[in-house]
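Visitor: Hi, could you walk me through this fold? I'd like to start with the aromatic residues.
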Amino acid sequence: MAPTKTALKKWEKVREFALGLPGAAEEFPWGESVAKVNKKVFVFLGVADGSYPLGVTVKLKDEVAHAHALSSPGAEPAGYGLGKAGWVRVPLEEKGAPAAELLCDWVEESYRTIAPKRLIAELDAR
């Protein structure tokens, strides 16, 4: 089932934002797109081919942002035990899914949790 146009647009904006962060690179472990910094994943982007529901998974240490993300329609702690470390999967095709801007804010927070200080300083200098 192909993703909706709205969800796909959000996904593309989030992917572009993530890959525009200092030192970010896209890789495809497990057959899905992830954005990494310093060889560590800061956002799981999944697949956009319709083989799995479109969504993003981010690490949110801030309690307010974490709770807000979990309150999104269909959101849940990430699988494989990642939820215990603050990772949240946010589906993009649910009615009332967060806007791309908010998703990008969460991606930036996840990036700041993972990235080395020198790259965070580079981001702050922009």
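Guide: Happy to; we can go through the ring pairs, then the sheet, then the helices. This is a predicted model, where local features need pLDDT of at least 70, side-chain atom pairs count only at pLDDT 80 or more, and totals for chains, interfaces and linings use all residues. Residues are numbered from 1 along each chain as its sequence is written, and side-chain values use heavy atoms, with hydrogens and water left out.

Visitor: How many aromatic pairs are found in the whole structure?
Guide: The search finds 3. Rings of Phe, Tyr and Trp (its six-membered ring) pair if their centres lie within 6.5 Å; planes under 30 degrees apart are stacked, over 60 edge-to-face, and the rest tilted.

Visitor: What about the rings of tryptophan 30 and phenylalanine 44?
Guide: Their centres are 6.1 Å apart and their planes are at 35°, so this pair is tilted. Tryptophan 30 sits in the loop between strand S1 (24–27) and strand S2 (33–37), while phenylalanine 44 is in strand S3 (residues 40–46), 14 residues apart. Strands (E, at least two residues) and helices (H or I, at least four) are DSSP runs, numbered from the N terminus.

Visitor: Is tryptophan 30 buried or exposed?
Guide: Exposed, at 67% relative accessibility, whereas phenylalanine 44 is buried at 14%. Buried means under 20% relative accessible area, exposed over 50%, and partly exposed in between (1.4 Å probe, protein chains only).

Visitor: And how do phenylalanine 44 and tryptophan 87 pair?
Guide: Those ring centres lie 5.3 Å apart with planes at 70°, so the pair is edge-to-face. Tryptophan 87 belongs to strand S6 (residues 87–91), 43 residues from phenylalanine 44. Tryptophan 87 is buried too. Ring pairs link Trp30, Phe44 and Trp87 into a cluster.

Visitor: Now the sheet. What's the strand order?
Guide: It is an open sheet of 6 strands, S1-S2-S3-S4-S6-S5, with antiparallel pairing; two strands pair if DSSP finds at least two bridges between them. S1 and strand S5 (76–77) stand at the edges, each with a single partner strand, so one side of each has no neighbour in the sheet.

Visitor: How many bridges join S2 and S3?
Guide: That antiparallel pair has 5 bridges. Valine 37, for one, has lysine 40 in S3 as its bridge partner.

Visitor: Last topic: which residues meet between H3 and H4?
Guide: Glu108, Tyr111 and Arg112 in H3 meet Leu119, Ile120, Leu123 and Asp124 in H4, where contact means heavy atoms within 4.5 Å.
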